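I opened the model to look up a few things about its strands, helices and ligand surroundings. My notes follow in the order I took them.

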Amino acid sequence: MSKKLYISTYGCQMNVYDSARMADLMAPLGYTLTDKPASADMAILNTCHIREKASEKTFSELGRLRKTREGRQSRNEGDMIIAVAGCVAQAEGAEIMKRAPFVDMVFGPQSYHNLPQMVAEANRGVGHILDTDFPVEPKFDHLPKEAIDTNLSAFLTVQEGCDKFCAFCVVPYTRGAEFSRPVASIVTEAKRMIAGGTREITLLGQNVNAYHGEGADGKPVTLAGLIYQLAEIEGLERLRYTTSHPLEMTEELCKAHRDVDSLMPYLHLPVQAGSDRILAAMNRRHTADEYRRIIDKLRHYQPDLALSGDFIVGFPGETDQDFEDTLQLVRDVKYAQAYSFKYSPRPGTPAAGLESEMIDEAVKSERLARLQALLNEQQLAYNQSFVGREIDVLLEREGKREGQIVGRSPYMQSVFVPSPAHRIGRIATVIVQEGNANSLRGELKPGSVADAA
Ligand code: 5AD
Ligand code: SF4
């Protein structure tokens, strides 16, 4: 009999990828996905530890799941296995077991390939299972080759972990040391995705441009090298990669933005701050001007590039002038979109120890509001600059309104067009009519996409 699996995913795209692989692992055990926790025989929370707020959600959702499970038991609908995965599991495994003893299993991002075995043990009533080891053999060797689901636009993890140790960040502790998958296994996975209908692949890595996986001749291949190889695969229309660190934005990779047609003109390149003093305190290992020069180099090869970034305001010791430097950097670079956060001290990271330099919450909030106002202004101006332009849009899914499809532009914008649903999956030319804060609206160019036979 089919069992139901509920997966709740928080945080970054790597967690989205991991959740999809967990579903693949559970399929042979008879589990199919549900989006209703009340009907689930097993629930997995795939958690995020990056900021305090994200982390706290774990415990509130666990509280809700506990009630859901009790509801199932009282209605005689069966039990529910409750599992916590992801980075909170990795960082606070023992704490979770203590604070939420009803949780059956806790496992980290590097050990979820043991899931079938852990489920078997849970069903045998072995008791609580905690697996937060960093195994010697990478989990990728143990993941199923077949996916239960493919998307038009899919994530593919090529690199994991981080050796950069930015002073604010938990990733090097939760995801572990840098690791790159061999080229051959990535190519195989990409081909499988494309055979299943995927047209756009986003290569994922915490430090994706530090990729140095083994090539056919046993020698390391760069991210640019990997991109050139993947671009050869027939049927792969669009390639993206995220997230990059400025230090590894090599000439070769910048050039690929000019030379590889399927590499989309969009780059997420976090800078975090615009003050050299703060960048040094953050251990980012580059200056604001070095970042500006990288942007110049990228735009030299690909003038049409849409830029995205991450920013942290209120890092310990940040003065008004430091913050002004961040605003100036934003004005100089001109972002198409960006993410910005208030600094959140994370246990175990070096910056969390700078207690005497912590910035007031109110100051952080005020700075964040000013930064976001500037970024929003830039994003709106960027989107409005598209009015009248013709752009290629991958038509991805039905919109909320009847007769509307949402697609993705090469520059990562969501694009709304009136169109019958049968065109989903195609890349069409759209004439942009409106540029809004978070999306574009337009019309399909007549004749640019054939109607399905
Ligand atoms: N506080 C606030 N923001 C953080 N980020 C990472 N760690 C922290 C933290 N402790 C942000 C960075 C990073 C993004 C994924 O999250 O901007 O690039
Ligand atoms: Fe965290 Fe810095 Fe590594 Fe990015 S580069 S994952 S911010 S430590």
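This is a predicted model: local features need pLDDT of at least 70, side-chain atom pairs count only at pLDDT 80 or more; totals for chains, interfaces and linings use all residues.

I looked up valine 393 and found that it stands opposite alanine 428 in β18.

Next I checked strand β16, residues 404-408. Four bridges join β15 to β16, and these strands run antiparallel. Here leucine 394 stands opposite arginine 408 in β16. What do β15 and β16 form? I found a hairpin with five residues between the two strands. In its turn, glycine 403 has a positive phi of about 75°.

I then turned to the parallel sheet. Six strands form an open sheet, and I wrote down the order as β2-β1-β3-β4-β5-β6. Which are the edge strands? They are β2 (31-33) and β6 (129-131), each of which pairs on one side only. From one strand to the next the twist averages 20°.

I looked at one pair within this sheet. Strand β1 covers residues 3-9 and pairs with β2 in the parallel sense over three bridges. For lysine 4, the bridge partner in β2 is threonine 32.

Then I looked up what packs on the sheet. Helix α1 (residues 13-26) does, touching β1, β2, β3 (42-47), β4 (81-85) and β5 (105-107). The direction of α1 makes about 170° with that of β1. Helix α4 (residues 115-123) lies across β1, β2, β3, β4, β5 and β6, and runs at about 165° to β5.

I went back to α1 for its length and burial. From its first C-alpha to its last, α1 reaches 20 Å with 14 residues, close to the 20 Å expected at 1.5 Å a residue. Why is α1 largely enclosed by the rest of the structure? Eleven of its 14 residues are buried, so α1 is largely enclosed. Among the buried residues I listed Met14, Tyr17, Asp18, Arg21, Leu25 and Met26.

My last entry concerns ligand 2. The residues surrounding ligand 2 include Cys162, Cys166, Cys169, Phe165, Phe168, Lys164, His245 and Arg284. I found that the shell around ligand 2 divides into seven nonpolar, two polar and two charged residues.

How values were computed
Residues are numbered from 1 along each chain as its sequence is written. Chains are lettered from A and ligands numbered from 1 in the order in which they are written. Side-chain values use heavy atoms; hydrogens and water are left out. Two strands pair if DSSP finds at least two bridges between them. Axes are lines fitted to C-alpha atoms, for helices over the stretch in contact, and angles run from 0 to 180 degrees between N-to-C directions. Contact means heavy atoms within 4.5 Å. A residue is near a molecule or strand if one of its heavy atoms lies within 4 Å of it. Ala, Val, Leu, Ile, Met, Phe, Trp, Tyr, Cys and Pro count as nonpolar, Asp, Glu, Lys and Arg as charged, and the others, Gly among them, as polar. The expected span of a helix is 1.5 Å times one less than its number of residues. Buried means under 20% relative accessible area, exposed over 50%, partly exposed in between (1.4 Å probe, protein chains only).
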